[in-house]
Amino acid sequence: PAGSGRPCQIPVRTYLSNVRTRPAGSLQEGDRLSVEVAEINGRRSLICNNQTGELIGTILSRGATRLLDCISKGYSYSATVIEVDYGAVEVIVRSTS
């Protein structure tokens with residue numbers, strides 16, 4: 001398949017889950033969020049934080065498992081805000097490695 005040689009470079013477009021409405025309220029299209037691994041309820045999860053380190057939400061899309069695997073291999077990622085609509089935050093996650 002196309003791109004199969006670089007599975008950790010494929011962007012993932014998704015809506016964030018468990019969005020924190022207060023910090024998300026100040027987001028604008030084009031803002032960059034950090035993508036980090038955190039332990040939530042005993043599971044490794046991907047979280048997105050804004051530039052001041054406030055939690056915005058979690059990534060629960062089908063691509064999350066692949067991203068976690070790639071992060072364990074040394075890749076790093078950031079998310080760019082595509083749309084903010086009444087607490088719904090859509091991002092595209094891309095490798096920064």
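## Basis

Residue numbers start at 1 in each chain, following the sequence as written, and side-chain values rest on heavy atoms, without hydrogens or water. Because the model is predicted, local features need pLDDT of at least 70 and side-chain atom pairs count only at pLDDT 80 or more, while totals for chains, interfaces and linings use all residues.

## Cysteines

The disulfide count is one (a disulfide being a pair of cysteine sulfur atoms within 2.5 Å). Cys8 and Cys70 form the bond, with an S to S distance of 2.0 Å. The angle about the S-S bond is -85 degrees, and the link is left-handed. The two partners come from distant parts of the chain, 62 residues apart. Cys8 sits in the segment before β1 (12-15), and Cys70 sits in helix α2 (residues 64-72). Helices here are DSSP runs of H or I with at least four residues, strands are runs of E with at least two, and both are numbered from the N terminus.

Cys8 counts as buried because its relative accessibility is 5%. Cys70 is buried too, with a relative accessible area of 2%. Cys48 is in no disulfide. Its nearest cysteine sulfur belongs to Cys70 and is 15 Å away. Cys48 has 0% relative accessibility, so it counts as buried. The accessibility classes are buried under 20% relative accessible area, exposed over 50% and partly exposed in between, using a 1.4 Å probe and protein chains only.

## Ser78

Ser78 belongs to strand β5 (residues 77-85). At 10% relative accessibility, this serine is classed as buried. Which residues does Ser78 contact, leaving aside neighbours within four places in sequence? They are Arg32, Leu33, Val35, Ile92, Val93, Arg94 and Thr96. Contact means heavy atoms within 4.5 Å.

With Arg32 there is also a side-chain to side-chain polar contact of 2.7 Å. A polar contact is a pair of N or O atoms within 3.5 Å; within protein, one must be able to donate a hydrogen and the other to accept it, and residues adjacent in sequence count only if both atoms are side-chain atoms.

## Glu54

Glu54 is in the loop between β3 (43-49) and β4 (55-59). Its relative accessibility is 26%, so Glu54 counts as partly exposed. Not counting residues up to four places away in sequence, Glu54 touches Arg22, Pro23, Cys48 and Asn49.

Ser17 is 37 residues from Glu54 along the chain. Their C-alpha atoms are 15 Å apart.
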